[in-house]
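Open the model in your viewer and keep the sequence panel in view.

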Amino acid sequence: MSKIILTGDRPTGRLHVGHYVGSLKRRVKLQNSGEFDSIYIMIADAQALTDNADNPEKVRQNIVEVALDYLGCGLDPAKSTLFIQSMVPQLTELSFYYMNLVTVSRLQRNPTVKAEIQMRNFEASIPVGFFTYPISQAADITAFKATTVPVGEDQMPMLEQTREIVHKFNSVYGETLVEPQILLPDNKACLRLPGTDGKAKMSKSLGNCIYLADTEEEVRKKIMSMFTDPNHIRVEDPGCVEGNPVFIYLDAFSRPEHFAEFLPEYAGLDELKEHYRRGGLGDVKVKKFLNNVMQSELAPIRERRKKWEKDIPAVYEILREGSQKAEAVAAQTLADVRSAMKINYFDDGALIKEQIEKYK
Ligand code: TRP
């Protein structure tokens with residue numbers, strides 16, 4: 001069986017370092033591993049509209065931002081198909097058929113949707129489109145017969161629901177769809193990177209994100225004013241590493257070679273943590289190290305992004321070509337689905353014969 005990746009992001013803002021360690025970095029690695037037959041990376045504009053119906057301009061503006069972030073990270077259009085969700089209308093039709101296989105109560109139990117409803121204060125005024133987006137996400141994944149979906153931890157319930165839909169579809173209509181596997185980050189700190197203020201969620205409205213497109217100076221300022229252990233007041237005080245964003249970021253970003261380059265007096269992260277716990281290690285020193293580590297990771301991304309920023313028409317051309325390619329693949333799956341569901345009236349010779357017989 002072919003190994004196929006599908007994943008994507010909502011274009012509601014620029015991508016930040018949480019997206020990077022949670023998924024983007026892994027995608028680039030998988031892309032360059034040569035282990036996959038096809039890779040589809042989708043800008044989920046239709047899904048973004050499910051809770052931004054009144055703000056299409058925001059979604060429209062952020063499509064190119066997300067595409068630039070992708071290209072900056074090293075996603076390569078020669079190896080990965082980058083496309084826009086709404087340009088593949090087959091996804092909408094698949095969603096419509098899958099809706100018959102999912103109950104309202106099952107959607108209500110989806111923990112991610114539940115949390116998002118609370119966060120957005122939707123309560124009694126949940127848009128139907130938003131409520132059903134896990135079904136559309138199942139369409140995104142199955143349209144490409146994806147076997148592997150690299151995403152962050154928050155997407156686990158979506159994958160679970162997709163697998164249920166696949167299972168139900170195949171048992172009702174016959175083996176047609178492929179059951180996907182989720183691929184989570186292997187580093188625990190990368191599962192959910194906190195905001196620079198220590199809050200569990202990075203969000204634009206909280207102003208606690210470091211963006212891939214931030215300048216060197218912006219990144220430095222954000223790191224130097226990061227939240228740390230509030231009880232670690234003087235350098236001599238013992239400090240807490242657990243739940244301390246500076247150390248969580250180091251868990252996510254630092255590698256042994258960073259110590260050799262920027263902080264040779266420590267053998268590695270364990271030794272640095274040990275010193276912090278014991279007392280005698282100031283926040284500023286740790287933050288300066290984190291800044292060096294992150295700048296070295298982000299600089300090449302920023303440079304590559306800048307190059308593409310100078311050639312916006314090429315970026316749109318990549319998305320146009322990718323969307324055409326994606327549409328052709330989704331059309332084939334839709335044909336399989338229609339045939340399995342017996343709604344392929346005009347290319348089913350047996351059906352016409354059957355009707356002729358009936359009226360003989
Ligand atoms: N829900 C994802 C996000 O919030 C975006 C997305 C839409 C997606 N369809 C998908 C991710 C299919 C993986 C597979 O960013």
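What volume does the second largest pocket have? In this predicted model, the second largest pocket has a volume of about 290 Å³.

Select Ala46, Thr50, Thr92, Ser95 and Ser136: of the 17 residues that line this pocket, these are the closest to its centre. Next, colour α2 (45-49), α4 (90-98) and α8 (133-143), the elements that give two or more residues to the lining. The largest share, four residues, comes from α4. Colouring the lining of the second largest pocket by residue class gives seven nonpolar, nine polar and one charged.

Now select α8. Is this helix mostly covered or mostly exposed? α8 is mostly covered, with 11 of its 11 residues buried. Among the buried residues are Tyr133, Pro134, Gln137, Asp140 and Thr142. Step just past the end of α8 to Lys145, where phi is positive, at about 50°.

Two packed helices are described by the angle between their axes and the distance between the axes. For α4 and α16 the packing angle is about 30°, and the axes lie 9 Å apart. Because angles under 35 degrees count as roughly parallel, α4 is roughly parallel to α16.

Definitions and conventions. Residues are numbered from 1 along each chain as its sequence is written. This is a predicted model: local features need pLDDT of at least 70, side-chain atom pairs count only at pLDDT 80 or more; totals for chains, interfaces and linings use all residues. Side-chain values use heavy atoms; hydrogens and water are left out. On a 1 Å grid over the protein atoms alone, a cavity is a set of points where a 1.4 Å probe fits but cannot get out, and a pocket is an open set with protein on both sides within 12 Å along at least five of seven lines; lining residues have an atom within 4 Å of a point. Grid points are joined across faces, edges and corners, and a volume is the space filled by probe spheres set on the points. Ala, Val, Leu, Ile, Met, Phe, Trp, Tyr, Cys and Pro count as nonpolar, Asp, Glu, Lys and Arg as charged, and the others, Gly among them, as polar. Buried means under 20% relative accessible area, exposed over 50%, partly exposed in between (1.4 Å probe, protein chains only). Axes are lines fitted to C-alpha atoms, for helices over the stretch in contact, and angles run from 0 to 180 degrees between N-to-C directions. Angles under 35 degrees count as roughly parallel, over 145 as roughly antiparallel, 65 to 115 as roughly perpendicular and the rest as oblique.
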